[in-house]
Amino acid sequence: MTFVVNAVYLAVAILFILGLKAMSSPVTARKGIMQAGLGMILATVITFLYPGNDGVGLLFFGSGKTINLILTVVAIAIGGGVAWWLGKVVKMTDMPQMVAVYNGMGGGAAALIAAVEFARVTSDRSESLGPIVATLAVLGALIGSVAFAGSIVAFLKLQGIMKKTWRLPAQNLVNMVLALAAVVLGVAIVLLSANPSGNQLLVVLLVVFFLLSLFLGVVLTSPIGGADMPVVISLLNAFTGLAVGFEGYVLGNPALVIAGIVVGASGTLLTQLMAKAMNRPITNVIFTPITGEAQVGGGEIAGSMKELSGMDAAAMMRYAEKVIIIPGYGMAVAGAQHKVWELTKLLEEAGVTVKFAIHPVAGRMPGHMNVLLAEAGVPYDMIFDLEEINDEFPTTDVALVIGANDVVNPVARTDKGSPIYGMPILNADKAQSCIVIKRGKGAGYSGIENALFYAENTSMLYGSAQQAVADIITAVKTLV
């Protein structure tokens with residue numbers, strides 16, 4: 001049976017890796033999700049037959065462990081049912097919140113594994129954790145608790161429940177003190193775990209350690225604003241994978257180790273790529289976040305915002321040769337992706353070349369805009385990354401910006417006093433004309449004014465993206 005279980009775990013590892021590889025392309029992403037999902041089902045089912053779990057006893061009710069297995073099945077049924085229901089009802093615009101919650105659940109589960117293992121050895125006089133296992137258990141518990149608490153804060157921010165960023169006095173010093181205290185407690189727990197049975201001090205330290213780790217996750221994430229949220233979600237995902245990998249070693253479960261390593265490595269790589277796209281080191285995101293509160297720039301922006309009507313916008317695009325559409329979070333909030341695709345088809349029927357430009361950190365999670373456009377039916381070959389399309393803006397007649405802000409702000413190139421200085425941006429300002437659909441005249445999530453809105457070649461179309469694009473569609477249909 002051990003051979004069978006390990007053989008299945010090997011197949012699971014292959015499915016995880018193949019699935020992750022397939023997810024690297026929108027064309028094969030659906031297949032990748034199915035492969036990884038199949039791997040997870042196999043890993044879950046075969047675990048019931050793992051030596052020592054007495055999974056066969058579940059069928060005959062002849063084992064003292066049967067009640068635990070029954071509870072496990074009930075928990076899987078409840079969790080799977082809730083996940084299936086949420087997958088059906090959650091809108092694509094709310095997907096970042098859902099990702100944050102699921103990521104938090106993974107980190108929380110890893111932390112709970114460590115808690116259960118320590119509880120087991122403190123109540124069983126015949127067992128103890130070795131120093132390596134205890135160390136990995138503590139590391140997994142710390143990282144998993146931080147990921148869980150941080151992900152919950154991220155969910156509250158994305159859902160709009162937590163509307164402000166909370167920053168403590170001497171925030172970075174507080175972060176360091178909390179982290180150092182957690183490490184000291186962790187070291188004490190590892191030392192005491194050599195003789196854990198009946199050790200009340202160990203129990204007290206464990207409780208304090210977990211509470212401190214959760215608080216650290218809250219304190220680290222609370223100051224971070226919406227502009228940095230894609231990087232934060234990716235980083236928390238890497239944390240969860242690392243924690244799962246550690247706890248997989250603690251349990252002696254190779255499937256958990258492999259899954260954790262794959263998630264941790266891919267999450268780390270994605271975090272680095274996202275931070276690079278913002279031209280900000282990861283430490284800067286965590287310790288000097290863009291809070292979303294008003295920022296002081298390098299000077300006044302010359303010019304004024306010029307408003308235009310839906311008919312004017314329709315005429316500019318209908319008689320253009322090439323239009324590049326830049327979607328942002330405003331499109332997601334309004335759920336306007338289907339209207340945008342309808343407008344695109346009308347323009348293409350009129351002979352206009354239309355392309356989509358996606359910034360790596362557009363939206364509230366990695367790939368947010370790509371997911372929304374794919375859901376609306378936009379072909380993959382019409383969607384381009386920043387590096388692929390930026391050189392085309394000078395030969396573009398109209399750049400249509402829908403609810404994007406900081407990713408098209410020219411001050412990132414020129415204003416060294418700006419919090420987004422140095423961040424690669426989409427060159428919308430270099431198009432012949434630029435139309436910006438925006439709900440109001442407020443600043444973006446970085447809290448600074450956008451110089452693009454004041455440019456001579458930029459016009460503003462105010463209102464919800466859904467209604468604004470609908471007005472443009474109506475107007476385009478009246479033009480010959």
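Reader: What should I know about the model before we start?

Author: It is a predicted model, in which local features need pLDDT of at least 70 and side-chain atom pairs count only at pLDDT 80 or more, while totals for chains, interfaces and linings use all residues. Residues are numbered from 1 along each chain as its sequence is written, and side-chain values use heavy atoms, with hydrogens and water left out.

Reader: How many helices and strands does the chain have, and what makes a run count as one?

Author: The chain has 18 helices and six strands.

Reader: Why are H1 and H2 called roughly antiparallel?

Author: Helix H1 (residues 2-22) and helix H2 (residues 29-47) pack at about 160°, with their axes 7 Å apart. Axes are lines fitted to C-alpha atoms over the stretch in contact, and angles run from 0 to 180 degrees between N-to-C directions. Angles over 145 degrees count as roughly antiparallel, so H1 is roughly antiparallel to H2. The crossing of H1 and H2 is left-handed, meaning that the near helix is turned anticlockwise from the far one by less than a right angle.

Reader: Which residues make that contact, and of what class are they?

Author: Among them are Val5, Tyr9 and Phe16 of H1 and Gln35, Met40 and Ile46 of H2, where contact means heavy atoms within 4.5 Å. By class there are 15 nonpolar, five polar and no charged residues. Here Ala, Val, Leu, Ile, Met, Phe, Trp, Tyr, Cys and Pro count as nonpolar, Asp, Glu, Lys and Arg as charged, and the others, Gly among them, as polar.

Reader: What is the angle between H9 and H10?

Author: Helix H9 (residues 229-251) and helix H10 (residues 254-277) pack at about 160°, with axes 7 Å apart. H9 and H10 are therefore roughly antiparallel to each other.

Reader: What makes a set of residues a nonpolar core?

Author: A nonpolar core is a set of buried Ala, Val, Leu, Ile, Met, Phe, Trp, Tyr and Cys residues joined through side-chain atoms within 4.5 Å; buried means under 20% relative accessible area with a 1.4 Å probe, protein chains only. The largest such core has 41 residues, and Met317 and Ile472 are among those with the most contacts inside it. Helix H18 (residues 465-478) gives the most to this core, with seven residues. Apart from it lies another core of 34 residues, including Val138 and Leu202.

How values were computed
Buried < 20%, exposed > 50% of the residue type's maximum accessible area, 1.4 Å probe, protein only. Helix = DSSP H or I, 4+ residues; strand = E, 2+ residues; numbered from the N terminus. Parallel < 35°, antiparallel > 145°, perpendicular 65-115°, else oblique.
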